[in-house]
Amino acid sequence: MAAYLTQEPDWGSCTDTATNAADAELFANPALECASVEVPLDYDAPAGERAQLALTRLPARGEAEGSLLVNPGGPGGSGTSFVASFLPQWQNGPVAERFDIVGFDPRGIGASTPALDCYTDEEYDAGDVPRFGAVYDITSAEQAVDHAQRCIEGSGGVENLVNAGSANVVRDMDIMREVLGDERLTYLGYSYGSEIGAMYLTAHPDKVRAVVLDSAVGPDWTPSELRLAQFTASQARFDEVAALCARSPDCVLGPDPAAANERLHEIVAPLVRTPAPTAEGRDVSVWDVYLGITAGLAAEAHWPSLISALTALDAGRAEEILALRDGFYSRTADGVYTTDIDTNIAVRCMDWPRLTPEEQTAHAREVANVAPMFGIDLLTAGTHHSECESWPSPPTRDDPWLPAEVEGLPETLVVGVTGDPATPYEGSVSMARTLDASLLTVDGKQHGAYLLGGSTCVDDAVNAYLLDLETPPADARCSL
């Protein structure tokens, strides 16, 4: 491993880091520097093939005391794009006075190579992919085999695909820490980023300076329990959207919020058989609509846009809901999906235990019960198979994925938003309890808080911890 640990990043232009036109404009900012770090493709064969991880750095304004390593979640989110996208917030904040801000693309994601691909962007546009509702709509063993084979071929072989799990990402993080010259890791992870942050913390407690886990995933949740919690929270947010809409006399969801689920079913029913056309030539399926709804529920600030999109859809115009759906995938105007859905599948297949068809079908029914906005017939038709059923290697992560007790952990900060529809607040509570960490409770209805919600209270509390390791008092609260 010495060859990996003694690398010196060649910081320079970010031209090669951009994977789409929108990022090219962001990465053109001269304040940013980019480099790559090599890691073993397979840690059991470190002398074999290598993967390259893309890094983007905003150098500290003063003398750097270390690096803040940042992951925006997913799995499938690009840390390089995240740092570039929020560059003004970093430049105007106090953390960049003393720390280099470093975003990284985990293996298979963004500008890191080898890339992991199962389907093309054009196939995602056309809906020629396993669609995600409660579970992926893989309805036969043959379809599961075809799905796995598509991923193997598109990713350049089995080895690239089966080394994508979180256990390897955590080992990659330790190489990055060493290569960046940090004796101890300072880390910020959102959503899924909380998983790899907590895994690193428990694996290397002696190598950690500070860890912030924003919108954490509950470490004691099984994958099925996580999905149920997510759909329960999404339904709660939809109920609130319906109540907001009902204040208007012409509400598309009707005057009675209690009947909004049935009204939504009426709006989407025609799309179950016949997708809606758009002016740009793309068709909108019922699953595109529900992805758009999910995107609109992600933050309270988006709720008026969601109501407008549903109003337009009811009138036969699907462009607004398609725009929300594209936002869910971070699809750019030039048709590039910057949230890497294929890597998301690959990571989860290497992380999560696989359900039998009977278990997967039962799980779909559980989701239909907690999220009636979808409609039980839509979610429970037929038999469901796991998207990972024919994956070429078994999972590499334990379940639960975090030890119940680890001695000697440094003080950690967990940030949880009470109305988070994607990683419900209970997960942050559980994460803080498991790690014996400080918990900052944030009253609000969105996914993610630090730098994302415009809350000085949140930003000041996280900054104080990252800079001087000062955690907020017990029962501390902020609001968005």
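**Exercise 1.** In this predicted model, is Arg 477 buried or exposed, or does it fall in between?

*Solution.* Start with the number: Arg 477 has a relative accessibility of 48%. Next, recall the cut-offs: buried is under 20%, exposed is over 50%, and partly exposed lies in between. Arg 477 therefore counts as partly exposed.

**Exercise 2.** Find which residue Arg 477 meets in a salt bridge, and work out where the two partners sit.

*Solution.* First, look for the partner: the side chain of Asp 443 meets that of Arg 477, at 2.7 Å from N to O. Then place both in the chain: Asp 443 belongs to strand β10 (residues 438-443) and Arg 477 to strand β11 (residues 477-479), so this pair, 34 residues apart, links distant parts of the chain. Finally, check Asp 443 itself, which is partly exposed at 29% relative accessibility.

**Exercise 3.** Now try Arg 237 and Glu 240: in which helix do they lie, and how accessible is each one?

*Solution.* Both residues lie in helix α11 (residues 223-245), three residues apart, about one turn of the helix. For accessibility, Arg 237 is buried at 10%, whereas Glu 240 is partly exposed at 24%.

**Exercise 4.** Which residues are linked in a network of salt bridges, and how many salt bridges are counted?

*Solution.* Trace the network: Asp 125, Glu 280, Arg 282, Asp 288, Arg 325, Asp 326 and Arg 331 are linked in it. Then take the total: with a limit of 4 Å between nitrogen and carboxyl oxygen, the count comes to 29 salt bridges.

Technical notes. Residues are numbered from 1 along each chain as its sequence is written. This is a predicted model: local features need pLDDT of at least 70, side-chain atom pairs count only at pLDDT 80 or more; totals for chains, interfaces and linings use all residues. Side-chain values use heavy atoms; hydrogens and water are left out. Helices (H or I, at least four residues) and strands (E, at least two) are DSSP runs, numbered from the N terminus. Buried means under 20% relative accessible area, exposed over 50%, partly exposed in between (1.4 Å probe, protein chains only).
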